[in-house]
Structures are given as structure tokens and as C-alpha cells.
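Dear colleague,

Please find below the structure that I am handing over to you.

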Amino acid sequence: MGSKWSKDDALIWLSGGGLVLCFLMVAGLVLVIAVQGLARFWPQDLTRYVLRDGSIILGHETSRAGVRTIGSAGERSVAYRLRVETGNRERYPQGYVWLEEARIAGQDNPREAVVVEQVRAGEIFGFLDSFVDDGAVVARGYDAVRAHYQAQYPELERLRRQRALSIVLSSADGRQHTVSLANVRHIYAPNAMTAWDRIRHYAAGAWSFLWTPPRDENRHGGVFPAIFGTAAMVILMSVVVMPFGILAALYLREYGSPGPFLNAVRIAVNSLAGVPSIVFGVFGLGFFVYFLGGTLDRLFYPEDLPAPTFGQGGILWCALTLALLTLPVVIVAVEEGLAGVPLKLREASHALGATRFETLWRVVVPVVLPSILTGLILSVARAAGTVAPLMIIGAVAFAPELPVDGVWPFVHLEREFMHLGYHIFDTGFRPAGGEAALPMAYTTTLLLLVIVVVLNAAAIGLRSRLRRLYSLSAGQA
Amino acid sequence: MTERTRHRRMDRRRLMDLLVGRLAALGGTVLILTILSVFAVLLWVIYPLFLSPAEYRWGISGPDGSEPGQSLLPLIFGTLKGAVYALLFAVPVSVLAALYASQFLPRTLKETLKPLVEIMAAVPTVVLGFIGGVWLAPYLASHVFALFLAPVSISGAVVAVFVLRHRAPALFRVFRHPGREIWLLLVAVLAGGWLALECGALLEAAYLHAGYNTWFKESLGITYEQRNAVVVGMVMGLAVTPIIFTISEEALSVVPRSFSEGSLSLGATRWQTAVRIVLPAAGAGILAAVLLAFSRAIGETMIVVFVSGNVPDLDWSAFSGFMALSAGVALELPNAVRDGSLFRVLFLAAFLLLVSTFAVNTVAELVRRRLRRRYA
């Protein structure tokens with residue numbers, strides 16, 4: 001039995017399709033970031049490809065693509081090829097090769113294949129051949145070298161300073177390759193790993209991503225300086241933006257008397273909220289860096305001129321610029337909190353003889369405190385994700401010196417710094433490390449996305465709890 | 001307590017009150033000074049441009065040819081192109097979504113939707129730009145037919161599932177509950193997307209000899225650039241969708257219920273009521289939403305940096321790249337010599353962005369206020 005339906009109901013469904021489509025597209029993009037970003041630390045099996053011409057290549061497949069060709073008789077065919085990550089950048093400068101499937105004669109996953117993570121120059125895939133100690137071969141073959149390496153591992157730091165230790169690897173096609181142990185970070189045999197080994201490897205990789213600086217032109221290592229720089233900049237920004245934001249919100253809601261000045265402040269807040277972030281960056285360059293910074297240099301660091309101290313991009317100027325950018329966010333959040341305080345509370349306080357300030361301090365502020373926190377969280381989330389102004393003032397691709405360290409005066413406000421969002425731009429846009437840096441960029445993107453989404457979810461949760469609270473207290477009237 | 005100490009304490013309390021009031025006013029003053037100084041600083045840097053010949057003013061060449069000039073015309077064009085494509089994608093989808101959410105979605109679902117939209121709005125644009133430029137652009141470049149088919153196949157799948165539900169209601173008893181149809185829609189849209197990919201692959205097998213680049217040149221006579229206006233439209237469209245959705249949804253929700261009740265009682269269907277009565281009544285609000293999205297798209301930087309290809313061409317083609325003002329400023333200013341001609345021209349670009357977003361925002365705010373007054 002079919003019920004009656006009209007063309008109109010189908011149109012309603014189509015409009016619902018618009019809603020669902022938006023969410024699915026965002027969800028899809030987030031899913032791609034999550035999959036690519038999370039897969040990075042999982043040890044992948046090494047495959048040995050034997051080609052028809054007799055050459056052998058060791059690596060792991062990253063993707064498969066079809067190439068369309070048209071034969072002499074006009075017949076169409078698709079040839080598939082594999083993109084195989086090869087490591088060994090001395091031999092394969094790109095770090096990968098394309099293998100046509102038709103050229104592959106056979107493949108296997110040898111258990112003895114190892115990955116050697118080097119401090120410099122990336123990874124090497126190969127087979128352990130021998131362990132060399134001051135020119136003398138002390139172990140030969142996979143098991144012996146591995147046992148020797150593992151036995152000496154606890155003392156490795158000390159030993160490799162005293163003696164010239166190195167490992168000889170043979171690549172899949174039999175070429176010998178000597179790696180000094182001073183340049184080795186880690187050796188593992190992915191094909192022989194159990195699931196538990198893999199999980200431990202994954203956890204160690206994720207941990208070092210969070211706590212170590214980048215190595216090898218951002219292809220390996222972690223993003224610790226970027227996390228630290230972002231946090232330092234955001235704290236500095238909050239110190240500036242919170243007092244001004246709260247004061248401005250108080251003026252708008254509590255102290256300002258209706259008139260042209262109040263209107264002007266209101267218009268200023270609205271205009272500030274609409275200014276594109278890149279324009280703030282340009283303003284920051286013209287005003288903070290060149291005008292304020294230049295003046296500070298002339299007054300306090302004349303001996304260093306013409307080399308600028310504060311007259312170049314730095315963490316302080318970035319913090320101030322982002323403070324301007326997030327000012328409207330704080331003001332709107334605090335204003336909303338102030339608007340939600342029931343009038344009865346104020347009236348009761350005034351009736352007991354309290355002044356405006358006393359009412360504010362003892363009655364209104366305790367109620368508004370969570371809204372202030374909401375404003376802080378939202379502004380921090382905004383600042384962590386804003387990149388455009390930082391491209392112009394102060395964030396750099398690689399800054400070995402942190403803005404806070406043990407050297408007097410400990411906090412170096414004039415220093416350039418690394419920022420998570422800028423790091424994504426740098427590794428993703430024109431990567432110095434080529435395509436090999438992209439997996440790292442995905443992981444950084446995932447990290448930033450998680451931070452921003454968690455912060456926003458916290459702010460939204462806090463606010464909805466507050467709203468329930470207000471509506472409850474209003475309901476009891 | 002003597003009379004004197006009480007007076008003194010009173011004075012101190014009054015003084016504190018006064019002080020905090022003044023501090024608050026100072027906060028307000030700082031705000032006004034900030035927005036004024038943004039204008040002032042930009043004008044201070046660019047005013048020398050206006051003292052020199054017209055060519056130099058538009059940054060077509062430097063004064064003595066010593067520095068490579070940067071013409072702003074292709075960049076202005078690129079900014080408009082990016083914004084137009086973003087709106088072409090975002091406006092239909094998000095206005096339809098807002099209409100559905102405000103008129104046909106149950107209240108409880110709407111309440112769970114709002115935080116989701118808010119989080120969607122909070123996704124940093126560098127994240128969208130990165131994934132758009134590094135993953136989506138190459139992906140679409142190898143699935144062009146699927147992209148062409150997607151609008152048809154997705155709407156087709158939605159209608160098909162709808163018809164099926166009415167022909168065989170027994171199959172869909174689980175989804176009869178109001179609000180559960182959203183899950184059915186989800187399945188339909190996914191199925192439509194999958195269908196587009198499959199049919200795209202079939203078409204590729206039938207019509208594609210040697211990749212899309214050759215096909216574009218032979219069949220349409222245009223070049224296909226991987227980072228192009230369509231991809232920018234999709235990614236930037238997603239970035240501005242929450243703005244259009246939130247503001248239009250609000251505008252549609254404040255239309256008095258008496259309007260739609262009157263229409264329904266006269267025998268109009270739910271869809272007729274929504275489109276012919278509620279939508280026009282909220283027209284000003286939707287216009288404001290579109291204007292705000294336009295101004296966001298003009299000022300947006302990271303997405304165009306990643307996805308537009310940054311080639312300063314004057315070409316309306318959907319499959320070619322462009323360079324936007326904001327991207328030009330972000331990419332070139334770090335290399336510009338201080339107070340050189342390129343430096344000043346890029347400040348002029350920033351000033352153009354500032355003035356145009358300011359103007360569009362103001363118009364949008366006025367339109368919104370008029371709507372609010374009408375139904376207040």
C-alpha cells in the first residue's frame with residue numbers, strides 16, 4: 001500500500017540533503033586528516049620486489065595508480081603502477097619510486113629486513129650484514145648483529161663516544177652501506193614485529209612527535225618547539241586581551257551611559273570583529289614591528305643598530321596582534337555573561353546600599369566568572385588556529401631557540417618562534433623536505449584540529465551549562 | 001564607628017566606584033583607538049603612492065624600475081573570483097539547509113545541530129586549506145567526471161530513497177519517527193556520492209584516452225589546473241557555510257508563526273509555505289548572511305594560499321587558478337623591502353581588503369537591523 005505523497009515533500013527532502021551534505025563533507029575531510037595523521041607512526045611491512053630485469057627493490061607501497069594508454073590498434077588499456085617508499089635517499093633522492101606492475105616478477109616480505117632511522121638523511125631499508133667495532137668485524141649476520149646491538153644498547157651512548165662503531169647494511173640488491181652508530185637513532189625489523197611490538201613502536205613514535213624538535217627538514221622528529229611556541233604566544237596574548245576585553249565589556253554593559261560614545265564603542269567592536277586576519281598582520285607589521293619596535297630599538301638598543309632587536313617580527317608583536325584579533329571574541333562572551341545576570345540580584349545589592357563597584361565585585365563577577373573563562377578559551381582557540389598574520393610578523397619555519405629558556409632574562413619577547421598553524425603552512429605549502437614531509441604535516445594538522453575542537457567543545461559545554469543555570473534562576477522568580 | 005570614619009570609608013567606596021568606571025571607559029577608548037589606528041597606519045604607509053603617477057598608484061610598475069612592481073588588478077580579480085565561486089557553492093547548500101533546519105527539523109535535533117555547526121565554524125582555515133590543497137585538489141583532478149555527476153546523482157539518490165519510502169513504507173518503519181529521516185538522508189547522500197564515483201569510473205573507461213588534461217584540451221579547449229576555482233569554491237564554501245547557515249536559520253526562525261499558519265490554513269503545502277511565505281519574509285536576513293559570507297571570503301587567506309595555485313591570471317574559467325589579494329599580501333610581504341614600492345603596494349592591497357570588508361559588513365548589519373525591527 002503506497003501512501004499519498006506530493007512533489008513538495010520530495011523538495012523538503014532535497015533541502016534536508018543540503019544539510020546532510022555539508023556535514024558529510026566536513027566529516028569526510030576530518031576523516032582524511034585523522035587517517036593520514038594517525039597512520040604515520042604505525043610500522044609498515046617492508047616488501048622485496050623482484051623486477052623482470054633482475055633488479056630488486058625493498059620498500060613499502062604507499063599508493064597505486066592507473067595509467068591509461070591507447071595501443072597502436074586503438075585498443076584501450078589501463079596499466080597500474082605502485083608508488084613504493086624506498087628510503088635510502090642517497091640512492092633514491094626522492095625517497096620513492098614508481099613500479100609498473102607489469103615489471104614485477106615476484107615479491108615477498110623477508111623477516112630480516114630492517115629499517116634504520118638515522119639522525120640525518122632519513123631512513124635506510126636493508127638487511128643487517130655486520131657490526132664493525134674500530135675497524136674489526138665483531139658480528140656477522142642478522143641474528144648476531146641484532147643480538148650484539150641489543151646487548152650493547154644500554155651503553156651505546158658511552159661506547160660510541162669512545163670507539164668508532166658502525167653497522168654495515170646490505171641493500172636488497174646486495175650493495176654494502178656503512179652507517180655510523182652515532183647517526184643511528186633506532187633500528188627495527190617491521191616484518192618480524194608482533195602486534196604488541198607495533199603498538200609500542202606506535203606509542204613511542206607518537207610520544208617523540210610531541211616532545212622532540214623536528215629533524216631532517218621536517219621529514220622526521222616532532223613538533224615540540226611549535227607546541228611550546230604556540231602555548232607561550234597564547235599565554236602572552238591572554239595576559240593582554242583579558243583585562244582589556246573585560247573592561248570593554250563592563251563599559252558596554254555596566255558603566256557606559258547611552259550616548260554617542262557608547263555607540264562608537266559598539267561600532268568599534270563590530271568593525272574589529274569583521275577585519276580580516278591578514279589585515280591585522282599588515283597593521284602589526286607597520287605599527288608594532290616597524291613603529292614601536294623601531295622606536296624601542298632606537299631608545300634601548302642603539303648599540304645593536306642597524307641589526308634590529310625589537311624592530312623585527314617576534315613573539316611579543318604576534319601576541320599583541322592576535323590580542324587585537326581576539327578582543328571581540330572575549331568582549332562578546334563576557335557581555336553575554338553580564339546580560340545573563342538576573343536583575344533581581346543587582347537590585348537587591350543596590351537596595352542594601354552597595355555602590356556600583358561593590359555590586360559588580362561581590363555579586364556580578366562571581367556569577368560572570370564562567371563566562372570570562374568561556375571568552376578566554378574561545379580566544380585561545382582562535383589564536384591557536386590563526387596563521388595569516390603570523391606569516392608576516394614573527395613565526396618562522398625553524399627556531400632552535402625557544403622563547404623561554406634558562407638564559408637571562410629567561411623570557412625573550414623579541415625572539416621569533418615556531419607556531420603549530422604556521423608549521424602546517426610551512427610543511428604543507430612549499431615543503432623544503434619535498435613530499436616526504438607531508439605525513440608529518442598531516443599529523444601536525446590533526447594535532448591542531450584536536451586542540452581547537454576540544455577547546456571549542458569545552459567553551460560550548462560551559463556556556464550551555466551557564467544558560468541552563470540562568471534559565472533555572474529566572475524560573476524560580 | 002564615628003561620623004568621621006564612616007564618611008572617610010564612604011569616600012573611599014565612591015572613589016573606587018569612580019576609578020573602575022574610568023577604567024572601563026578606558027577599555028572602550030582603547031577599542032575605538034585600535035580600529036582608528038588600523039586605518040591610520042595603513043593610510044600612512046600608502047599615502048606616498050597617491051602622490052605619484054597613476055601607474056605607480058595601481059602598482060603596475062615601480063617608480064624607477066629598480067624593484068619589480070606588483071599589479072593589483074589580477075589580484076583584485078582573483079579575490080572576487082574566489083569569493084564568487086565560494087558563494088556559488090555555499091549559498092544554495094546552506095540556505096536550503098537553514099530552511100530545512102528552521103521549518104522541518106524537530107526542536108531536539110535542532111538543539112544538537114547548533115553546537116556541531118559552531119564547531120564546524122571553529123575549524124581553523126589553515127586546516128581546511130591544507131587538506132584542500134594537498135588532498136582534495138589532486139583527488140578531484142583524477143575524478144573530474146565524478147565531480148560533474150555528483151550534484152545530479154546525490155539529488156537523484158535523495159529523491160529515489162524518498163519515493164521508495166512512500167512506495168514501500170513497511171521497509172522503512174524504523175525511520176517513520178520524525179527526525180529519524182535524517183539518518184535515511186545520510187544514507188541517501190552517501191549512496192549518491194558512491195554512485196557518482198562509480199559512474200565516473202565507467203565514463204573514464206569509455207571516454208578517457210590519456211588522462212584528464214588531454215581530455216580537457218581536446219573536448220573543451222581549456223587547460224585543467226589542479227589547484228583551481230572549483231576546489232577553492234568547495235573548500236572556502238565549507239568555511240563560510242556555518243555563517244550563512246547560522247544567520248539565515250536565525251532569520252527564518254524569527255518569522256512570526258502566524259504567517260505560516262495562515263498560509264497552511266489556506267491550503268498551501270508545507271513546502272509552498274516555506275518557500276513562498278517564510279523565505280521571502282526572511283529575505284533580508286538571508287541577504288545579510290550572504291553579504292557577511294562574501295566579506296569573510298574576501299578576507300580569507302590560508303585557503304586561497306593553499307588551494308588557488310597563486311597564479312595572477314585574468315581568467316574566469318572554473319578550472320584555472322588565480323591569486324587573491326590576501327594571498328598576495330601573505331606570500332609577498334615577508335620578502336618586500338621596507339618602504340619600497342612593493343611594500344607600499346601590498347599595504348594598499350591590505351587597505352582595499354579592509355575597506356571592502358568594512359563596507360560589506362556595514363551594509364549587512366544595516367539590513368539585519370531592518371529585519372529585526374520589522375518583526376520586533
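B:C199 is partly exposed, with 31% relative accessible area, whereas A:C22 counts as buried at 6%. In these terms, buried means under 20% relative accessible area, exposed means over 50% and partly exposed lies in between, with a 1.4 Å probe and protein chains only. Over all chains there are zero disulfides, a disulfide being a pair of cysteine sulfur atoms within 2.5 Å.

Please note that this is a predicted model, in which local features need pLDDT of at least 70 and side-chain atom pairs count only at pLDDT 80 or more, while totals for chains, interfaces and linings use all residues. Residues are numbered from 1 along each chain as its sequence is written, chains are lettered from A and ligands numbered from 1 in the order in which they are written, and side-chain values use heavy atoms, with hydrogens and water left out.

Chain A is assigned domain 1 (47–108), domain 2 (113–192) and domain 3 (224–475); such bounds come from an automatic or database domain assignment. The centres of domain 2 and domain 3 of chain A, taken over C-alpha atoms, are separated by 49 Å.

A:Q118 belongs to strand β6 (residues 113–118) of chain A; helices (H or I, at least four residues) and strands (E, at least two) are DSSP runs, numbered from the N terminus. With a relative accessible area of 9%, A:Q118 is buried. Leaving aside residues up to four places away in sequence, A:Q118 touches A:I124, A:V179, A:N183, A:R185 and A:R215, where contact means heavy atoms within 4.5 Å.

The largest nonpolar core has 214 residues, and those with the most contacts inside it are A:F425, B:L31, B:L333 and B:F347. A nonpolar core is a set of buried Ala, Val, Leu, Ile, Met, Phe, Trp, Tyr and Cys residues joined through side-chain atoms within 4.5 Å. Helix α9 (residues 229–253) of chain B gives the most to this core, with 16 residues. A second, separate core of 19 residues includes A:V145, A:Y149, A:L159 and A:L169.

Between the chains, 90 residues of chain A are in contact with 98 residues of chain B. The two chains bury about 8500 Å² between them, 81% of it on carbon and sulfur atoms; buried area is the accessible area (1.4 Å probe) that two parts lose on being put together, summed over both. Two salt bridges are counted between chain A and chain B, each a side-chain nitrogen of Lys or Arg within 4 Å of a carboxyl oxygen of Asp or Glu.

With kind regards
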